[in-house]
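Keep the 3D view open as you read.

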Amino acid sequence: MNRYTMGAFALVGFLMGCGSEAPPAPSTTVGEVVHPELPPLPEVSGLTPMPDLNPDPHIVEVDLVARPHAVQLLPGQATQLFNYNDQFPGPLLHARVGDRVIIHFRNDLAEETVIHWHGLRISDQMDGSPVIQTPVQPGASFTYDFVVPDAGTFWYHTHYHQIQQLEYGLYGALVVHERDFPVFSAERIFVGDDIRLRTTNNQISAFQTSGPDIGGGRVGNRLLSNGRVINGEDGDGPVTFTIPRGAIERWRFVLATNALSYGLRIRGADARVISTDGGLLPEAFALERVEIAPGQRYDFEVRPQADATEVVLEALVLVLDENDNVVEAPFVLARGTIEGETVTPEPVYPKVSLPATSVEAAGHEWKLSGGVVDGQVQFTINGVPSYVGEGHEHVLLETFEPNVPVKITLSSNVSPRHPFHIHGQFFQILERGGKPVFEPGLRDTVEVRGNETATILSYFENHGRWMVHCHISEHSENGMMADVQVGTQAAGHGH
Ligand SMILES: [Cu+2]
C-alpha cells in the first residue's frame, strides 16, 4: 500500500466530496423484586475494558479522565494525542441492557470538553449536548449517570471542538449486551479511524479553516485499527489474533473517522451482518461488502471457511493511484490466522422486531446544503446555518410528537457526502432517490451521498431536545447542526 502517497486520502476525500431487549424476566415471588441470576458478560477482545468499581451486578461505575497522552504510533517521535484514561482508543465501556451506568468524568485537558454517548437513547441531560450541558472546564468533573435502554455496539466521543478533539483521539467504544445475548466462541471489537500526521515528526498536522478539509472533511494519511497504524511499511500493521476452525465469532465494528467512509469486507469466512447501529436485526444477512460512514456500526457473525488459512477484515477506501486516478484499495484492519479446532453450538439470537415501516407518516424534508458566505464555507440545514464556531446556539429545526412515525427526506444539493446523525433516537432507512433500498436495521446515522436524497422513518420515541447534524465535524461545526424537540418536556438548559 506504500504507493498510495500522503495527501492522496485528503484529495480523494474532497473529490468525493427497538430494540433487541428481551421482555423482563418474570419474578418468582409476587410483590418481591427478584434479580434473575445473569450470566457474566463475555469478554470482548481488542480493547481494554474500564474497571467496574461497583460490586452491584446491575451498576457499572467507572472513572474516566481526558488528558494529553503520547502514543508511539510510528517509529521515532511519539504522537501527542488527547485520550481517555491514557488509552487509544479509549477504554471499552461494557454493560448489559438495563444496567445503570455511572461515569465519573474528569477533564484534565487545558480546554473544555463534553462526552456524547453515541446511539444511547438516554436523557438529553446526559447526552453531552453543549447546548444543554455546560462544557466541563479544565480541571473540573462531571458525573454522567444513566440507564442503558438498548443493546448494541455504540461509542462515546467528545462533542466539543470535535474537528480537533476527535482527531486528537477522544473516543472509545461502548458495548451493551442483550439480556439474553447469543453466545459465541469469541467476541471482538474493532474501531476504525484515520489520522493526518506530519511526516517530519509524527505529530498531528495543522487544521485548515478553508479548502478541501472543510469542503469534504479532514481525511488522514494514516489508517488506524484499534489505534494501530495499518498502512505504510513503518506502521504496526493490522490487529492480529488466532481463530480456530469451527469458531462462530461476533465481530463488532465502529467507524470513528472525521470524514472518511469505508467499504467493509470479510475474507476467509462466511460472514453475516447481525446488527446495525441500533442493535440486532430480526434477520441476519450476507453481503459481499457493506458500506459504513463515520459514526455508524455493524456487528458480524463470522465462521472461518473450511479451506481458508486466515480470516481478514478489510476496509475498502478510495485513494489516488500513481496516475492520479481515483481507485478503491483494500487495507487490512484485522487478520485472524486459522489455528486449531473447536466446536461451537449455534448461537441463539433473541427474537427482534422492528417498528413498522409501512405506515402512514407525515413527510418532512431537511435540505442539506452549503456554500461560501463572505469567503467562509458555511453549511446549512433548510437554508439556515445553525452552529458556527464558538457560539453554542442551535436553531430549533422541528418539534415532534413522541411515538408518532415521521418520514424525513434528507436531500443534498452539494457534492460532499453527509453522514447525518440524529441524537437520542433510532430510525430506519427506507429510500434513496425515492426508490426503496435494502438497508435493514435501526440506525442513528445515515449517509446522504452527494446530490442525493435519503428517506428515513423515525418514531421519535425519546423525549427531549436533541442535536441533529452531519457527523463530519468540519460540516457540523460550520453550520450543519441543529436541534429537534421531541415532546414538550423542558430540556433544562445548563447555561
Ligand atoms: Cu456533512
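Start with two of the domains: the C-alpha centres of domain 1 and domain 3 lie 24 Å apart. Where these two touch, domain 1 brings 26 residues to the contact and domain 3 brings 25. Keep in mind that you're looking at a predicted model. To find the parts on screen, colour the chain like this: domain 1 covers 18-23 + 34-184, domain 2 runs over 188-341, and domain 3 takes 362-486.

Now, how much area do domain 1 and domain 3 bury between them? The figure is about 2000 Å², with 57% of it on carbon and sulfur atoms. On the domain 1 side, the residues that lose the most area to domain 3 are Arg121, Val131 and Ile163, and together they make up 27% of what that side buries.

Across the interface of domain 1 and domain 3, the count of salt bridges is one. Polar contacts are also found here: 15 residue pairs between domain 1 and domain 3 are in polar contact, with both residues at pLDDT 80 or more.

Which pieces of domain 1 do the touching? Strand S6 (115-118), strand S8 (152-158) and helix H2 (162-167) each give at least two residues to the side that meets domain 3. Sort the residues of that side by type and you get eleven nonpolar, eleven polar and four charged.

Next, zoom out to salt bridges in the whole structure, where there are 29. One of them joins the side chains of Glu167 and Arg218, at 2.9 Å from N to O. Glu167 belongs to helix H2, while Arg218 lies in the loop between helix H3 (212-215) and strand S11 (222-225), so this pair links distant parts of the chain, 51 residues apart.

Let's finish with rings. The whole structure has 19 aromatic pairs. Take Phe184 and Tyr349: their ring centres are 6.1 Å apart and their planes stand at 65 degrees, which is why the pair counts as edge-to-face.

Technical notes. Residues are numbered from 1 along each chain as its sequence is written. This is a predicted model: local features need pLDDT of at least 70, side-chain atom pairs count only at pLDDT 80 or more; totals for chains, interfaces and linings use all residues. Side-chain values use heavy atoms; hydrogens and water are left out. Domain bounds come from an automatic or database domain assignment. Contact means heavy atoms within 4.5 Å. Buried area is the accessible area (1.4 Å probe) that two parts lose on being put together, summed over both. A salt bridge is a side-chain nitrogen of Lys or Arg within 4 Å of a carboxyl oxygen of Asp or Glu. A polar contact is a pair of N or O atoms within 3.5 Å; within protein, one must be able to donate a hydrogen and the other to accept it, and residues adjacent in sequence count only if both atoms are side-chain atoms. Helices (H or I, at least four residues) and strands (E, at least two) are DSSP runs, numbered from the N terminus. Ala, Val, Leu, Ile, Met, Phe, Trp, Tyr, Cys and Pro count as nonpolar, Asp, Glu, Lys and Arg as charged, and the others, Gly among them, as polar. Rings of Phe, Tyr and Trp (its six-membered ring) pair if their centres lie within 6.5 Å; planes under 30 degrees apart count as stacked, over 60 as edge-to-face and the rest as tilted.
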